[in-house]
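Here's a quick tour of one protein chain, written for someone who likes to check the details. Have the viewer open and follow along.

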Amino acid sequence: AGRAPPMVGVSLAVSVHTVMASITVSFDGRQATVDAGTPAVVALKQLDPEAARGVIAVRANERVVDVSRPLTADAELAPIAPDSPEGLEVLRHSSAH
């Protein structure tokens with residue numbers, strides 16, 4: 001069997017189309033649509049940049065999560081400040097590691 005001749009002057013274009021799932025996040029009566037996998041603090045910042053400033057954790061659907069936790073489902077968000085009772089608990093837990 002012979003080899004195929006080299007293809008000169010032929011280009012091949014390949015398109016990969018990725019569809020990102022969207023989720024709805026809400027805080028204080030506001031809603032936004034973000035890509036699934038968006039970090040919790042980034043989603044909160046879209047809703048209220050001031051509320052996202054200086055947070056140590058985020059409450060997502062009544063569960064305390066790290067600010068970098070990717071959100072994968074619709075969520076009601078709330079900021080957790082370091083000087084709040086929950087924030088102090090997060091600090092104590094983190095420093096125990």
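What follows goes from the overall layout to the sheet, a helix and the salt bridges.

## Ground rules

This is a predicted model, so local features need pLDDT of at least 70 and side-chain atom pairs count only at pLDDT 80 or more, while totals for chains, interfaces and linings use all residues. Residues are numbered from 1 along each chain as its sequence is written, and side-chain values use heavy atoms, with hydrogens and water left out.

## Overall layout

The chain has three helices and five strands; helices (H or I, at least four residues) and strands (E, at least two) are DSSP runs, numbered from the N terminus. Reading along the sequence gives you β-β-α-α-β-β-β-α.

Of the 97 residues, 29% count as buried, where buried means under 20% relative accessible area, exposed over 50%, and partly exposed in between (1.4 Å probe, protein chains only). The chain exposes about 7,000 Å², and carbon and sulfur atoms supply 54% of that; accessible areas come from the Shrake-Rupley method with a 1.4 Å probe, and for residues only the protein chains shown count as cover. Take the contacts (heavy atoms within 4.5 Å) between residues at least 6 apart in sequence: 41% of them join residues at least 24 apart.

## The sheet

The five strands make an open sheet with mixed pairing, in the order E2-E1-E5-E3-E4; two strands pair if DSSP finds at least two bridges between them. E2 and E4 sit at the edges with a single partner strand each, so one side of each has no neighbour in the sheet. From one strand to the next, the twist averages 35°.

E1 and E5 run parallel and are joined by two bridges. Look for serine 26, which stands opposite glutamate 76 in E5. H1 packs on the sheet and touches E1, E2, E3, E4 and E5, and its direction makes about 135° with that of E2. Axes here are lines fitted to C-alpha atoms, for helices over the stretch in contact, and angles run from 0 to 180 degrees between N-to-C directions.

## Helix H1

H1 spans residues 40-47, and its buried residues are Ala40, Val41, Ala43, Leu44 and Leu47. Down the helix axis these buried residues fall within an arc of 160°, so they line one face of H1; the arc is that of the directions from the helix axis to the C-beta atoms. Their cover includes strands E1 (22-27), E2 (30-35), E3 (57-60), E4 (63-65) and E5 (75-80), along with helix H2 (49-52).

## Salt bridges

Side chains of opposite charge can pair when their charged atoms come close. A salt bridge here is a side-chain nitrogen of Lys or Arg within 4 Å of a carboxyl oxygen of Asp or Glu, and the count comes to five. One of them joins arginine 30 to aspartate 28, with the closest N and O atoms 3.3 Å apart. Arginine 30 is partly exposed at 34%, while aspartate 28 is exposed at 54%. Asp28, Arg30 and Asp48 are linked in a network of salt bridges.

Arginine 59 is buried, at 17% relative accessibility. Its side chain meets that of glutamate 62 in a salt bridge (3.9 Å, N to O), and glutamate 62 is exposed at 66%. Arginine 59 also forms a salt bridge with glutamate 86, where the closest N and O atoms are 1.7 Å apart. Arginine 59 lies in strand E3 and glutamate 86 in helix H3 (residues 85-95), so this pair ties together parts 27 residues apart in sequence. Glutamate 86 is partly exposed, at 30%.
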